[in-house]
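Subject: Structure handover

Hello,

Here is the structure for you to open on your side. My notes on what turned up in it follow below.

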Amino acid sequence: MRNFFKILFFIMLIGYGPATAAAQHYKVIIADGNGNEGTLIAREMESRFEAYNKLFRFSSALLENPLKVQVFLNTDSYDEYVSARLGETRPGAVYIHYNQKEKRELVINRGSSDESKALPYQAFIQYLRAFVPNPPLWMREGFAIYFSTLNFSPEGEMSYEENLSWLGTVKALGSNAPPLEAILRADGGGTGPSGEEADVDPHLRSALSWAAASFFMDSGNGDYLRSLEESFMLLSDTATAAENTGKTANRIFRWSGAETMNRDFLSWLASRKTFAEFMEEGQRAYADKDPAAAELAFSRALDQKPGHYAPRYYLGLLAYENNNFDLAEQLYLSSREYGAEEALVSYALGINAAAAGRSKDAVDFLHRAAEAAPEKYKARAEDLISRLR
């Protein structure tokens, strides 16, 4: 199964649960309020640490001091603090790196609208640079993006939704996408196999770094994942970024060879599909009366975005056409819960209830659709209601 290693890895993460009270990798400081918020933040940070360490396996004994987390409950206080150190503020959260280990800190604007987006990314940067101050650029950026959709609930549960925000950008490169070797040697003083410059535009570099990290985690090739894990053991806390980049890249390409891995990377990239592509594929199959292909495509879209209403709605249509009216209703209601249009869902529920022989429920749903969008559903709803009576 192509996604075996990725799925196995995140089953391990989610199953791990909140970090135990004995773990003390972090020191949380509430800068401008009481300490009640600190307990939850400390639990979240410990859980994130354990999740990252499932992959990197750094020894906690190497940490001379707990990782510092400075929390602000007031946005103005946060902006003032960050601006004084960086010359500008950063939304949500930012990791500030100093040569002196004891000064390094993750600064969080708790409760801001930007926190949920910035914190996961910055938390990984703090973790990695605590052990390796100068990691390979692709490794730092790629895994920060990869882990940026690792979420922590107020109940203390971890959840993960694959981050595919950069997939469309990388796929748009097509045959112009740089080989994996060029990405892994970027800023390391090396070039790709054809002598091209390893460095790329910073915006695109983020996308390519994510693609490299995701390839190792998602390709299903155990040798590649093992090569990645072995490269972590060569990371040095005293080496420059160029030195760490060269050593890890050499290790990764040692057994399989750059040419083979470059080819497999481009093949893997071409095989990946975005949420929009899966939805379009499902809609085409649905229009072509191919329910099996449509269900597969919509299910894959739902796997990518469990919080999106559209795949649920279309899966409801397929269940309805298969005369599985109970399942269709569940899927329609679920799509409404996740943001589907009220009128659209109510009309579908009305037709579904009518087919199931539940005329009273059907009339209620159809009335609701007509009220929610009379210009679109009133005439159709009234026609169907008249036939049900």
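Start at one pair in the sheet: valine 94 stands opposite valine 107 in β4. Strands here are DSSP runs of E of at least two residues, helices are runs of H or I of at least four, and both are numbered from the N terminus. Two strands pair if DSSP finds at least two bridges between them.

Two points on the source. This is a predicted model, where local features need pLDDT of at least 70 and side-chain atom pairs count only at pLDDT 80 or more, while totals for chains, interfaces and linings use all residues. Residues are numbered from 1 along each chain as its sequence is written, and side-chain values use heavy atoms, with hydrogens and water left out.

**Overall**

The protein has 18 helices and 6 strands. Its C-alpha trace spans about 80 × 55 × 35 Å along the principal axes. Of its 389 residues, 49% count as buried. Buried means under 20% relative accessible area, exposed means over 50%, and partly exposed is in between (1.4 Å probe, protein chains only). Take the contacts between residues at least 6 apart in sequence: 64% of them join residues at least 24 apart. Contact means heavy atoms within 4.5 Å.

**The sheet**

The sheet is open and has 4 strands, in the order β1-β2-β4-β3, with mixed pairing. β1 and β3 are the edge strands, and each pairs on one side only. From one strand to the next, the twist averages 20°. In general, strands of a sheet pair through backbone hydrogen bonds, either parallel or antiparallel.

Walk across it from β1:

- β1 (residues 26-30) pairs with β2 in the parallel sense, over 5 bridges. Lysine 27 stands opposite lysine 68 in β2.
- β2 runs parallel to β4 (residues 105-109), and 5 bridges join them. Valine 69 has leucine 106 of β4 as its bridge partner. Glutamine 70 stands opposite valine 107 in β4. Valine 71 stands opposite isoleucine 108 in β4.
- β3 (residues 93-96) and β4 run antiparallel, joined by 4 bridges.

How buried is β2? Strand β2 (residues 67-72) is mostly covered, with 5 of its 6 residues buried. For β4, 5 of the 5 residues are buried, so this strand is largely enclosed by the rest of the structure. Both faces of β4 are covered: Glu105, Val107 and Asn109 sit on one side, Leu106 and Ile108 on the other, and all are buried.

Helix α2 (residues 36-56) lies across β1, β2 and β4. It runs at about 150° to β1. Axes are lines fitted to C-alpha atoms, for helices over the stretch in contact, and angles run from 0 to 180 degrees between N-to-C directions.

**A helix pair**

Helix α5 (residues 137-146) packs against helix α8 (residues 202-218) at an angle of about 75°, with the axes 7 Å apart. The two are therefore roughly perpendicular. The cut-offs: under 35 degrees is roughly parallel, over 145 roughly antiparallel, 65 to 115 roughly perpendicular, and the rest oblique.

On the α5 side, the contact residues include Trp138 and Phe143; on the α8 side, they include Trp210 and Phe216. The contact residues divide into 10 nonpolar, 4 polar and 2 charged. Nonpolar covers Ala, Val, Leu, Ile, Met, Phe, Trp, Tyr, Cys and Pro; charged covers Asp, Glu, Lys and Arg; the others, Gly among them, are polar.

- Asparagine 262 is in helix α11 (residues 258-271). It is buried, at 7% relative accessible area. Its side chain reaches the backbone nitrogen of leucine 180 at 3.0 Å. Asparagine 262 and alanine 182 are 80 residues apart in sequence, yet 9.2 Å apart in space, C-alpha to C-alpha.
- Serine 148 lies in the loop between α5 and β5 (150-152). It counts as buried, at 15% relative accessibility. A polar contact of 2.8 Å joins its side chain to that of asparagine 163.
- Glutamate 230 lies in helix α9 (residues 222-232). Its side chain makes a polar contact of 3.4 Å with the side chain of arginine 251. Neighbours within four places in sequence aside, glutamate 230 is in contact with Arg251 and Trp255.

Best wishes

Notes: Polar contact = N/O pair within 3.5 Å; in protein donor to acceptor, adjacent residues only side chain to side chain.
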